[in-house]
Amino acid sequence: MGLKSNLHNLKEKYKGTKMAPAFNAIHTFLYLPNETTHGGTHVKAADDLKRTMNTVIMALIPCLIFGIFNAGYQHYAAIDAAAGITREVSLFGNFLTWDNFVVGAWTVLPLVIVSYGVGLLIEFIFAVIKGHEVEEGYLVTGMLVPLIVPVDIPLWMLAVAVVFGVIIGKEVFGGTGMNILNPALTIRAFLFFAYPTWMSGDKVWVHEAVERAGTPDAISGETILGNLAQGKAAGYEVMDMFFGFIPGSVGETSALLILLGGLFLIFTKIGSWRIMLSSVLGALAMGLIFNGVVSSGWITESSKFYGLMSTEFWHHLLIGGFAFGTVFMATDPVTASQTNKGKWIYGFLVGFLSIMIRVFNPAYPEGVMLAILLMNVFAPTIDHYVVQGNVKRRMKRLKVKTA
């Protein structure tokens, strides 16, 4: 008997028991359900939740693969820099190499395994306890989490954060589709506030930088945001920022791959182009305002805000996690605004606040996480007033017609 037949037999054996959701989830994850609709009229569409989640994962896979190679590249580049060797990046010369892949896979894949293992275990436990089917919402969250954390984050910390994020960020609200905060960002926020030394600074972004600290083999892993927040030069060329050959969270460095992923989500109608575009416009607007303040002379080079405030307004789109957050997390259909006008307002404020937090909080120059979480809370309010505005306008038109 094949795997499908065995899974089907187990599914039938435990049908009606508390363990049924667990076996149903495994069966339907691997195979199409062997049931059809019975009677009546049904809306038939191919875009069910599992297909939607798989589409987002397809958009994330290039970022994951790039992140694996980049983790290895940044490790060896930092070692060379400590030895006084200047390394010029070459895609096929010293980036897409076996050594980089081995180091990257050794550090990144355990993050993916822990994220999925712990998160899905919690999902299965709640499905069994509550007696409902296992939902596919964590398929995307499980991939997002390892892409938005430093490469050397201790696995036990990640496991604790995933437990917190899944239970407090989603299950207490009723599960997938009911949460008010993006679960992946809830996990990252927990990590940042519970273990801040592992989520910021100039050592956590490059493999082995923390454990080598204070030794003769010490290496540095400063990010562009870290340099700018300290009043230093960015330290990287614009094209390096665009292609992603810079230190940072595992999957957030390549603006090019994130852009391609965003276009893919727009093409498949999974991601909202309104939120993406308005977030970019909001970030550019805030960046232009800060550049204008610097040009006016109100801020001098001695100010702790000068480095990030004087950064070219459009460079903010290429550094840090702004692009990744805008494409893959601000567009979360559960926690974002639902109305078209609301999406424009929501997205603009996400971008605007991201750069504002980035500049005014040098201790934590990455502001997109807090901006998205804040706007997640206000998204229902935005939609409420948009709907009420539409109702009032229609009532006015009705009164004019009946007058």
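Trainee: Is F66 buried or exposed?

Mentor: In this predicted model, F66 counts as buried, because its relative accessibility is 12% and the cut-off for buried is under 20%.

Trainee: How many aromatic pairs does the structure hold?

Mentor: There are 18 aromatic pairs in the structure. One of them joins F66 and F245: the ring centres are 5.9 Å apart and the planes are at 35°, so this pair is tilted.

Trainee: Where do F66 and F245 lie?

Mentor: F66 is in helix α3 (residues 49–82), whereas F245 is in the loop between α11 (238–243) and α12 (255–267). The pair therefore ties together parts that are 179 residues apart in sequence.

Trainee: And F245, buried or exposed?

Mentor: F245 is buried, with a relative accessible area of 11%.

Trainee: A change of topic: where is T335?

Mentor: T335 sits in the loop between α15 (322–329) and α16 (340–360). Its relative accessibility is 2%, so T335 counts as buried.

Trainee: What does the side chain of T335 make a polar contact with?

Mentor: Its partner is the side chain of D332, at 3.0 Å.

Trainee: Which residues does T335 contact beyond its neighbours within four places in sequence?

Mentor: Those contacts are N179, I180, L181, N182, Y346, N376 and A379.

Notes:
Residues numbered from 1 in each chain as written. Predicted model: local features only at pLDDT ≥ 70, side-chain atom pairs only at ≥ 80, totals over all residues. Heavy atoms only, no water. Helix = DSSP H or I, 4+ residues; strand = E, 2+ residues; numbered from the N terminus. Buried < 20%, exposed > 50% of the residue type's maximum accessible area, 1.4 Å probe, protein only. Polar contact = N/O pair within 3.5 Å; in protein donor to acceptor, adjacent residues only side chain to side chain. Contact = heavy atoms within 4.5 Å. Phe/Tyr/Trp six-rings, centres within 6.5 Å; stacked < 30°, edge-to-face > 60°.
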